[in-house]
Structure formats: structure tokens, C-alpha cells
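Please read it with the structure open.

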Amino acid sequence: MAGVTVHFHSGLSTSDPASSPVLVVGQPRHLARVAWQTIACKLQPRVAKELWTAGVSSLNPAPTDSVSLYMNLATVAALPVKVSRHNTTSRAHFLTKVVRSCSSGGPETVVIVCTRQDMYASGCAVAKAFSLYTRKTTGEALSAQPRPVRATEVRVEFLLVSGDEGLAEPAVLTTADIKCLDTSCAALQLTARLVDAPCNELNTTVFTQEAEAVARELGITPTIIRGEELRERGFGGLYGVGKAAEHPPALVVLSHTPATSKRAIAWVGKGIVYDTGGLSIKGKTAMPGMKRDCGGAAAVLGAFSVAVANGFSDTLHCILCLAENSVGPTATRPDDIHTLYSGKTVEINNTDAEGRLVLADGVAYAAKDLKCDVVLDMATLTGAQGISHGRYHAAHLSNSASWEDAVTRAGRSSGELSFPSVYCPELQFPEFTSAVADFKNSVADRNNGQPSCAGLFINANLGFDWAGVWMHVDMAAPSAVGERATGYGVCLLNSLFGSASRAAILQETSPSLDNGSLLDEAEQQGGRTKKARTE
Ligand SMILES: [Zn+2]
């Protein structure tokens, strides 16, 4: 798709701001370590040394600040001086804002001054400033035409600092580093585009075609189970949610099965292409924006493309649970009872609590059919997630303490933040008690840890004593800022599973490097030597 593409380059090239606009951005203490002779190649002959020095020393970020050095064609910008311990040291969210506000709108260069450790989160933050989806037009009414979308390259280069002193040096990036960063940015933009696209364009059939296109690029033949076949094969959750829509529900699976594999991992995404709430219909103010209820599926698809393109040593399955939660004569009613793929029966008491139903089938398929040891589901699951965790952090829960901690740390190193939610099935799962089925699909008390309860519903379809590692990431809030998708999830997943990647940058952002081999430890903790529930 035309539009802005973000490309990374090794070293610092020579360019003139008059023909190639440049933004230099970093923390003030890092910018102060950039020698004039290092940055002069990006600024001369338009900017002199004195102006650069004065510009950098005049920056007073609160939380950010920028100074123009040559019209709007050469700018230096500062990121916040301090961030707190639940934030990412990369200051990724501020970096995205600075790039968006300082962008010239055409081909340009962004020079990021940071540590090697923050390179991945910082580089990806640039792509988050450039959304691809638009249907804006140009010209007056009656003669309006689609606004032409120019193919534009944003070039990103790094100046790296290490330790507390010494000058910033141009980063030496390998071909593999560049591929890792380029593919991550392309995937972020793909994910954001799928989330931004409305349902009249992106129904389940078109989403499936998008997944097929990703699969083709990776040389993978996807498995697609859709429509009546879902019902016949026992996917009562996914079928029940999607059966009233014009376009049928689908389970789309992309599988990467290398010979080196030591474990099987599944990333399962909630792909509700539109959520009216079903017969428990949403109100006129609650429904707009529900095109974004496919954020989890879009994220796991984007993340999978990055993981496979850069080399991934373990088996990895991307499972998309695609459905439109629509209203019609065949819609699921409250009181209906469905049998989920796990074999468990669910009494529907709220057709708007549909995400957990489609994911229940997705995770059960990962465990039963694909024999996965590690199952992670990602979803825009609850509105309560943003109330408890705010706009920037996802909420995650896991049956494994070490993986729970790993998700938090991967969030900070990737710039896509997440923070744990309470994991306590014995206290919370009774919320779903049903008189006539194994459980209901919606809680009795909405004030009792809703994001945790919703996740536990999914966990219940693996069983609370399941021997594998289960993780759930509710990213309802961070998947969009205002009315634009962020691509959230792509970086988090690739950082979390970076130890299985061949890309050095992903290995370095992986939480496993801090505490030895996380994967082996977690495998034990997941239940083979210890019951998950007792953690
Ligand atoms: Zn819903």
C-alpha cells in the first residue's frame, strides 16, 4: 500500500536540510553528547555549529520540546528528562508525538539519539506516527477525488550513547538489524491499517484475504475453517458469535514449523471485525469505534510476520478468530447454550461478551489440535481494562509467575507497555456460575476485577490445571490513541519471544537475557513440575 514507509540505515548519511528535512531527537542528556562534527553532515550548510549548540542548550522539555534550526526543515527535539519505573526508558510514546508534530509531510530523516537497548522501541515509535489508512478526498464537492497518496520514505538513523559519558556514535547496523527494524515498522503499519479500516471494507472475508497475503509472503499455506464447517467441527463459540453476519466467521491459522523447534507456541487474536454487541446491543454512543475490536487479531498477524521473516527457531502458530458480532434472525440470544471447542458448555447471558467466546475456541484449538506448550491470547477484551490500567498499558494475566513478569519487562523494552492483572481463579471464577451449563459468559458483578475475570473465562477453556503456559493480554486501551490505531502488540510479542528469534535486536530486547533462560524455567513452572494454579 502506498504511503509512508519507514526505512532504517546504518551510520549517518550526508544530506542538506533544504532538500532533505531532518529531525534530531533524544533526551537532553543524550543530545548534549552529540559532537558538532558528528551531526554536521545532516545540517550543513544551512545550520552552523553555534546555532546547533544554542538550539540543544535551549531545549526545556515539559514533557517534550523542539527548536527549529532552519525554517521547518531542520529541527532538534527533546524527550522527557525523567520517566517513572512503569514507563519505557525509550519514552516511545513521546517520541511518536514528537515525530508526528515535527514531520514535514514528505521524505525526511529522523536521527534518534538513544542507547542500543532503546533502539528497537525508539525505531518502532517512528512508524507509529504514520498511519496508512485514509479515505480523505481532495477538491470541492461534486468534483472531489480520492486524495492521491504519495509513496514517501522516512529514513531513520541512530546515534548511540553508552554509559554515562562519551560522545554519541553513529550506529553500525547489520543487514539483519535493518531487516528486523524495517519489517517491524511495516508490520506495525499493517496492524494499524487493519484496525483503522471500517467493517464495510474489512469484513471477515477481506481480513482472511489479508492474512492469506501475509502467509503468501512468508511461504506459508494457511488453514482456514469457516462458516458451517466451524459448527460441524465443534467451534460453538466462534460460530455462535459470527453466525448472524453476512460474512461468515473464520478460524485462520498460519503455522511456522521449523526443524529446530523445541516447543510449540500459539498467538491467538480476537478478530471481531465489528461488534454491535449482538442482541445485547450497544447504545448509540458505545458502538462507534467498534471497528477496532479486531485489534488483537491484527496485532498477532503483524507480529507473526515479523517473527517468521526474521527467523524463529520454535514452532509458532498465529490463530485469528474472525467474526462479526451482528444482529439478525439467526443471532445468538441471551439464554442460548453453546458447546465450546474445549467441550465446555456456556450459557449466554450477554451477547456483547463475545471476545472470550471466540478466544476460548482459539486457545482450545491451540492446545488440542496444535499441541502447543505456550498459548498467548491478545484482545481488545474489556472497557474496564482502560479504567484499571489507563491509556498506555495493557493488562495481562498468566498462570505462570515468571511469564507474567516477562510480559511486563518486554513491555518496557519494546515500548508497548503492559502491567499484570490479578490472577486468582478460585476467588474470581465463581462470577461465571450458571445453573444449567458449565458457566455463563459474563460476570455477575461487573465491579469485581472485570479484566481478570474475562481472561479467566478463556483460561477455563484450557483448564486451570493445564500443564502449559497461558498468557492473556487485554489491550483494549493501548490499541488506539484517540481515533487512530497504534499497531500495539507487534513489538511486545516480538520482544517477549525474542530469545527464539535470529534477529540480534529482538534477542537483546527479550526479557530472557536478564535472568538466564526464561523459556526453560517457565516450562517447568508452567506445570510439568508444578501445578499452574498454585503459583
Ligand atoms: Zn462485545
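Among contacts in the protein between residues at least 6 apart in sequence, what percentage join residues at least 24 apart?

1. The share is 77%, counted among contacts between residues at least 6 apart in sequence. Please keep in mind that this is a predicted model.

2. Overall form. The protein contains 18 helices and 22 strands. Its radius of gyration is 24 Å, close to the 24 Å that the globule rule gives for 535 residues, so the protein is as compact as a globular protein of that length. Along the principal axes, the C-alpha atoms fill a box of roughly 80 × 65 × 45 Å. Of the 535 residues, 56% are buried.

3. Domains. The assignment divides the protein into domain 1 (4–173) and domain 2 (194–381 + 426–498). On the side of domain 1 that touches domain 2, the residues divide into four nonpolar, one polar and one charged. The contact between the domains involves six residues of domain 1 and six residues of domain 2. The domain centres, taken over C-alpha atoms, are separated by 36 Å.

4. The nonpolar core. The largest nonpolar core has 164 residues, and those touching the most other members are Trp267, Val268, Val300, Ile319, Cys321 and Val375. Domain 1 and domain 2 both give residues to this core, so the core lies between them. Leaving out residues up to four places away in sequence, Ile319 touches Leu251, Val253, Ala266, Trp267, Val268, Gly362, Tyr365 and Ala366.

5. Lys128. This lysine sits in the loop between helix 5 (119–127) and strand 6 (137–138). Is Lys128 buried or exposed? Lys128 counts as buried because 29 C-beta neighbours lie inside 10 Å, where 20 or more are needed. Apart from neighbours within four places in sequence, Lys128 is in contact with Thr96, Leu188, Thr486 and Gly487. Val6 is 122 residues from Lys128 in sequence, yet the two C-alpha atoms are 9.9 Å apart in space.

6. Cis peptide bonds. Two places deserve a look at the backbone. The bond joining Gln44 and Pro45 is cis, with omega about 0 degrees. Pro45 belongs to the loop between helix 2 (36–43) and helix 3 (49–58). The peptide bond from Ala62 to Pro63 is also cis, with omega near 0 degrees. Pro63 is in the loop between helix 3 and strand 3 (65–70).

7. Positive phi at Met71 and Arg91. Met71 is not a glycine, but its phi is positive, at about 45 degrees. Met71 lies in the loop between strand 3 and strand 4 (74–78). Arg91, likewise a residue other than glycine, has a positive phi near 55 degrees. The loop holding Arg91 runs between strand 4 and helix 4 (92–102). Which surroundings do these residues have? Met71 is exposed, since 12 other C-beta atoms lie within 10 Å, whereas Arg91 counts as buried, with 29 C-beta neighbours inside 10 Å.

8. Three strands form an open sheet in the order 14-15-19, with mixed pairing. Which strands stand at the edges? They are strand 14 (337–339) and strand 19 (439–440); each has a single partner strand, so one side of each is left without a neighbour in the sheet. Strand 15 (residues 345–347) pairs with strand 19 in the parallel sense, over two bridges. Val346 has Phe439 of strand 19 as its bridge partner.

Terms used
Residues are numbered from 1 along each chain as its sequence is written. This is a predicted model: local features need pLDDT of at least 70, side-chain atom pairs count only at pLDDT 80 or more; totals for chains, interfaces and linings use all residues. Helices (H or I, at least four residues) and strands (E, at least two) are DSSP runs, numbered from the N terminus. Two residues are in contact if their C-beta atoms, placed from the backbone, lie within 7 Å. A nonpolar core is a set of buried Ala, Val, Leu, Ile, Met, Phe, Trp, Tyr and Cys residues joined through C-beta atoms within 7 Å. Domain bounds come from an automatic or database domain assignment. The radius of gyration is taken over C-alpha atoms; the globule rule is 2.2 Å times the number of residues to the power 0.38. Ala, Val, Leu, Ile, Met, Phe, Trp, Tyr, Cys and Pro count as nonpolar, Asp, Glu, Lys and Arg as charged, and the others, Gly among them, as polar. Two strands pair if DSSP finds at least two bridges between them.
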